[in-house]
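Let's walk through this model together, one spot at a time.

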Amino acid sequence: MRKQQKPATTKGSADWFTGDVYVDAIATPQDGDQRMIVSRVRFTPGARTAWHAHGRGQTLHVTEGVALIGTRDGAVIRATPGETIYTPPGEEHWHGATPEDFMEHLAMLEDAEGSDAQDGWYEHVTDEDYTTANEE
Ligand code: MN
């Protein structure tokens, strides 16, 4: 066993996020065919991901604040600490903070690089769509 060195916190890329988002890598593949990726992601108020999908799905566990998670069909889930949201493989979605609150979640997924269904990143969530989501 070994205690891991904590990697530096990184700022989420403006290509993938709107607003200020900070990412801490907790687990990444290290041996053999491991695929588990776990990150702690902190969103400032109003910050959110762009539209995207995960080739092997994703589990989000909210640890602080209030989260909004939206899908292309217009469904929005509002989640608070202790709640867990699952998005299946290929489902296009976004996640972020509300305009009024910080939000922190653990993002858990399996690396889909090289598989038939890789992760995809698309356009940013517009202010209009984000505002509508927060009103639901
Ligand atoms: Mn996601």
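Gln 58 sits in strand β7 (residues 58–65), where helices (H or I, at least four residues) and strands (E, at least two) are DSSP runs, numbered from the N terminus. This is a predicted model, so local features need pLDDT of at least 70 and side-chain atom pairs count only at pLDDT 80 or more, while totals for chains, interfaces and linings use all residues. Residues are numbered from 1 along each chain as its sequence is written, and side-chain values use heavy atoms, with hydrogens and water left out.

Is Gln 58 buried or exposed? With a relative accessible area of 4%, Gln 58 is buried; on this scale buried means under 20% relative accessible area, exposed over 50%, and partly exposed in between (1.4 Å probe, protein chains only). Leaving out residues up to four places away in sequence, Gln 58 touches His 52, Ile 85, Tyr 86, Thr 87, His 93, His 95, Ala 107, Met 108 and Leu 109, a contact being heavy atoms within 4.5 Å. Pro 88 is 30 residues away from Gln 58 along the chain, yet their C-alpha atoms are separated by 6.6 Å.

Leu 109, one of those contacts of Gln 58, also takes us to the largest pocket, where Leu 109 is among the residues closest to the centre, together with Trp 16, His 54, Asp 119 and Trp 121. The largest pocket has a volume of about 470 Å³, and 25 residues line it. How is such a pocket found? Rolling a probe the size of a water molecule over the atoms shows where empty space is left. In detail, on a 1 Å grid over the protein atoms alone, a cavity is a set of points where a 1.4 Å probe fits but cannot get out, and a pocket is an open set with protein on both sides within 12 Å along at least five of seven lines; lining residues have an atom within 4 Å of a point. Grid points are joined across faces, edges and corners, and the volume is the space filled by probe spheres set on the points.

Strands β4 (36–43) and β12 (103–110) each give at least two residues to the lining of the largest pocket. By class, that lining has 10 nonpolar, 10 polar and five charged residues (Ala, Val, Leu, Ile, Met, Phe, Trp, Tyr, Cys and Pro count as nonpolar, Asp, Glu, Lys and Arg as charged, and the others, Gly among them, as polar).

Now for the aromatic rings. The structure holds four aromatic pairs; rings of Phe, Tyr and Trp (its six-membered ring) pair if their centres lie within 6.5 Å, and planes under 30 degrees apart count as stacked, over 60 as edge-to-face and the rest as tilted. Trp 16 and Trp 121 have ring centres 4.4 Å apart and planes at 5 degrees, so the pair is stacked. Trp 16 lies in the loop between β1 (10–11) and β2 (17–18) and Trp 121 in strand β13 (residues 120–121), so the pair ties together parts that are 105 residues apart in sequence. Both are partly exposed, Trp 16 at a relative accessible area of 41% and Trp 121 at 27%. Along with Phe 17 and Phe 43, Trp 16 and Trp 121 form one aromatic cluster.

Gly 12 is in the loop between β1 and β2 and counts as buried at 12% relative accessibility. Setting aside neighbours within four places in sequence, Gly 12 is in contact with Phe 17 and Val 21.

Last stop: helix α1 (residues 127–135). Which residues of α1 are buried? They are Tyr 130, Ala 133 and Asn 134. These three cover an arc of only 95 degrees around the axis, which puts them on the same side of α1; the arc is that of the directions from the helix axis to the C-beta atoms. What covers them includes β5 (48–49), β8 (67–71), β9 (76–79) and β11 (93–97). The face of α1 turned away from its buried side carries the exposed residues Glu 128 and Glu 135.
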